[in-house]
Amino acid sequence: MRELWGSLVVFCLCPVLGGLPLVDWLTQGLTGKNLENLGTGNISVSAAFYHGGRGVGILAACAEASKGVVAVLLARSFFPHDPPWEVVAIIALVMGRYWVAKSAGTTNVFWGILTHDPAGAMVIVFFALVSFTLVRERSLGRLISLFWLVVILAIRQSSQTYGFAILLLALLMAWIYARIPDDLSLETLPQQRDSRALFRFFRGDQSVLTLQERLDPDTTGPKAATLARLTAWGYDVPEGWVLPPGDDPQPLILSLEPSPEMPLIVRSSALGEDTATASAAGQYITIPDVTNTRELTTAILRCQTAYNSPRAVQYRRHHHQGDRGMAVLVQRQIKGVYAGVAFSRDPVDQYRDAVLIEAVAGGAEAVVSGQVTPEQYRVYFPAAWQNTTAGDPSLTLEGAGTIPPGILHQVAQSCRDLEGRYHGVPQDVEWTYDGETLWILQCRPITTLTPIWTRKIAAEVIPGVIRPLTWSINQPLTCGVWGKLFTIGLGDATGGNGYGNRSQGLDFDATATLHFSHAYFNATLLGEIFQRMGLPPESLEFLTRGEKFTKPPLLSTLKNLPGLWRLLQREWHLPDDFAVDARKWFKPTLQQLQVSPDGLSPDELLARVDLILSTLKRATYYNILAPLSVALRQAVLRVDNGELDSQRMPEVASVRSLVQLAEKSRNLLPMGQLNFDSCPSLFAYLADMPDGQGILDQFNAWLTQYGYLSEVATDIAVPRWQENPRPMRELFARCVFDPRERHHLAPAPPSSPKPVSWGAKWVQRRLDLKGEVAEIYNRLLAHLRWTLLALEKQWLGLGYLPAAGDLFFLTLPEIAAFVEREEAGMTEAEKGREIAQLQDYIAYRQRQYAQDCQRPHVPFVVYGQPGDHIPPPAPPTTAGQTLQGMGVSSGVVEGVVKVVRSLDILEQVQPGTILVIPYSDAGWSPLLAIAHGIIAEVGGSLSHGAILAREYGIPAVFALPGVMQALHDGQRVRLDGQQGTVMVLGNGE
């Protein structure tokens with residue numbers, strides 16, 4: 001019974017004890033300040049020192065220390081010979097402290113451990129202080145202290161249960177440290193001079209910060225933090241030291257000895273300077289040629305004072321930046337022979353794949369001052385996929401002047417390397433060359449070239465030229481569901497956690513947009529979202545296209561574990577959730593949609609559209625998450641594509657079913673007596689022969705089953721197979737006529753089953769789910785198209801629209817508003833004006849659409865806001881040139897190229913043809929299935945074309961932007977689906 005009461009005390013009383021806000025009561029009673037509304041909002045001992053002063057801080061420390069002592073003594077009274085219970089009591093105390101009083105409970109843990117094991121606690125304190133003195137970095141120092149806690153106490157007790165309890169306590173503290181803001185990061189207030197020394201010690205202010213350390217941009221400013229990062233990456237950066245805002249400059253001044261022979265330069269590193277949205281270029285001051293201590297003192301003061309200059313204050317107000325403080329960066333001044341600035345992308349003409357360099361003879365100050373006209377150069381880089389067999393491509397230099405070409409090439413290569421380091425964000429780099437070394441003086445994003453818009457993923461989700469009606473439906477659906485998933489991952493789905501809304505400032509509706517009538521994703525926004533979630537910014541490309549995945553910061557990931565855990569729970573329960581929604585929503589809705597929309601009134605048609613859209617919103621969630629689930633499991637479990645069965649995917653099942661029907665039909669036809677020379681002749685014969693009607697009925701049944709597919713299932717403006725069955729008839733005829741096609745597409749003969757790993761089974765379940773989701777999603781989109789076509793048919797009959805297809809140049813809100821006003825009643829004059837306005841919209845948008853359709857080339861990446869000018873496509877490839885893409889289906893083949901933009905050319909595809917396509921959808925399967933090889937501009941290993949290619953053993957290379965223009969009909973190429981290369985063997989005619 002004693003143990004039972006002890007358990008109740010530990011698990012019930014200790015959390016309540018920890019949650020008592022004694023620190024807040026003391027601070028409010030003695031100073032009148034409410035800690036919850038000040039600074040970080042933490043109700044902690046450090047907050048009491050910070051906001052209340054030394055006296056209040058000491059009282060707060062005593063109050064929290066008493067909690068730790070009491071908790072341990074309570075546990076000991078019930079479990080005198082069971083030390084793990086004392087540790088469990090501390091854990092319960094800390095949990096109550098965190099969840100109720102918003103604090104880490106460091107004081108509770110320290111005094112609790114001191115009471116629990118005084119000797120062990122002293123040893124821990126010794127090693128922790130030594131370690132902290134050496135590293136002088138708070139976050140790392142805390143983790144090292146927790147490490148000593150586990151190691152020392154576990155050694156002293158030598159109990160597995162005790163070791164597990166101590167490890168659990170350490171992990172809990174590490175998790176809390178990653179979750180809560182740090183009071184020690186706050187700037188020291190002048191009125192709290194009595195606690196300033198204590199704060200400086202635990203913040204690590206006793207030692208001077210240098211660019212050799214890892215710096216926090218929120219403490220030292222982005223400029224200094226970036227230069228420290230470049231130093232860690234191995235770039236040559238002048239030696240430097242940093243003075244954070246509010247710190248005493250004397251230790252820094254006393255540690256440096258400037259002289260005329262070794263001058264220093266003092267620079268601003270304001271908090272919020274050099275960001276992706278505001279560079280603050282020219283707003284603050286730089287003081288060069290500092291040659292003695294007195295000048296250094298004055299220069300630091302001038303640099304700090306410049307933060308409050310009217311010009312700087314106005315700049316921050318204009319860019320909605322708060323007053324956060326000025327860090328000062330002091331560096332060795334480099335005497336440059338040549339210097340300048342370089343832009344990894346041309347800020348004026350973003351589409352020219354060149355590094356723009358402005359340079360002068362002498363130091364860099366002359367360039368940025370604007371007092372000297374610099375020499376201008378452009379260094380051109382070939383596209384990343386345009387490799388040659390001769391080796392690495394040489395850079396092309398444009399411009400003439402006094403700067404040696406070798407230096408310009410080195411600057412250009414460094415700029416592109418830095419752009420790659422920063423995940424493709426264009427960089428503005430300040431540099432100087434001293435005769436031996438190229439020094440990087442500054443690196444910051446080019447603010448005018450953000451955000452970055454990319455078609456890499458968007459061209460797979462919704463490819464091609466997009467009409468307004470399609471976009472007005474897809475954009476809210478896609479952005480809305482992504483926003484929901486991101487909100488869950490950011491931890492705000494259930495109202496936040498009390499430590500700030502981490503999705504604040506993120507506009508999820510800006511995830512996607514149209515440029516040149518093509519869909520683009522906001523890579524800048526997506527990267528920021530993933531970084532806030534504790535993941536690398538390229539996470540989406542890793543999951544959708546199999547690209548490389550960089551290692552995320554450990555502390556950031558720990559901080560976001562709850563949000564990531566919620567997403568993993570969604571992934572784990574995905575099949576069960578889908579089964580529930582399929583039963584409650586998807587199947588009933590699809591059954592209801594079997595009723596033809598013909599004959600419904602406009603108001604009833606819009607109600608049907610609303611029903612489809614509400615169901616599509618749910619289906620879109622699964623259509624996004626299911627493929628990501630497949631990719632995640634496949635990457636984590638390292639499952640090869642060859643271990644997976646794609647039979648249930650629509651793109652595979654449709655072709656297999658048609659081939660089986662063709663085989664059955666051939667057995668019924670007198671092939672030896674008749675000579676069929678075309679698809680129409682076959683279908684004409686079937687219509688006349690006695691058994692032919694049965695074959696036609698089966699073909700029509702097949703078309704009914706798979707007729708919801710199209711070239712672009714996500715684009716409701718594109719006809720479905722059911723509306724345009726000619727390519728499917730052609731494939732059916734080819735399978736009947738040519739035994740080689742049937743053999744190529746027929747299912748593999750049964751063989752002894754191969755052993756399947758448990759990992760492959762786990763991935764297979766998600767792949768099967770992906771196929772089920774895709775079918776429902778595409779069926780709903782097909783019904784949405786057919787419903788809108790019924791409305792268009794009515795409007796054509798009433799003369800509202802000039803021609804078929806015009807409805808797709810209106811947006812859904814415009815259509816709904818007109819129907820609503822028409823139902824409410826309009827005069828003939830009002831209706832005439834409304835119709836005229838709609839027709840004006842249509843005419844204008846059709847002209848824009850036609851213009852965008854005629855563009856020979858649309859950039860895959862857009863920086864900032866694009867202009868009307870688009871550069872010409874890359875020149876055609878020549879014999880001997882090799883293109884590097886992503887291999888998605890292994891095998892090596894040679895063949896003749898056929899550039900394909902639609903399914904309508906299926907009858908022109910000859911045996912041995914290698915198809916070059918812009919994208920692949922499930923609806924492309926009839927064409928892709930008969931290819932000798934496949935080359936695609938976009939796509940990854942999980943795209944429809946890749947799945948189909950692997951199923952039929954067709955070598956395929958995807959992710960070759962611009963290949964539709966680089967290759968042309970008649971060229972002979974060798975395609976290596978394993979290496980992801982395409983070698984041009986001959987140019988053809």
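I looked up the partner of Leu514 and found that Ala519 in β15 is its bridge partner. Working in a predicted model, I then followed the two strands as a pair: β14 and β15, the latter covering residues 518-522, run antiparallel to each other and are joined over four bridges.

Next I went through the whole sheet, which is open, has four strands in the order β14-β15-β13-β16, and pairs in the antiparallel sense. I noted that β14 (512-515) and β16 (861-863) are the edge strands, and because each has a single partner strand, one side of each is left without a neighbour in the sheet. From one strand to the next, I recorded a twist that averages 35°.

I then asked which strands helix α19 touches. Helix α19 (residues 468-489) packs on the sheet against β14 and β15, and its direction makes about 150° with that of β14. Helix α20 (residues 523-532) also packs on the sheet, but I found it touching β13 (452-454) and β15, with its direction at about 35° to that of β15.

Last, I checked the confidence: the protein chain has an average pLDDT of 81, and 84% of the residues score at least 70. Over residues 185-206 the pLDDT stays under 50, although the model has 48 contacts beyond four places in sequence for this stretch. Residues 748-752 are also below 50 in pLDDT, and for them I found zero contacts in the model beyond near neighbours in sequence.

Key. Residues numbered from 1 in each chain as written. Predicted model: local features only at pLDDT ≥ 70, side-chain atom pairs only at ≥ 80, totals over all residues. Heavy atoms only, no water. Pairing = 2+ DSSP bridges. Axes fitted to C-alpha atoms, helices over the stretch in contact; angles between N-to-C directions. Contact = heavy atoms within 4.5 Å. pLDDT = per-residue confidence, 0-100.
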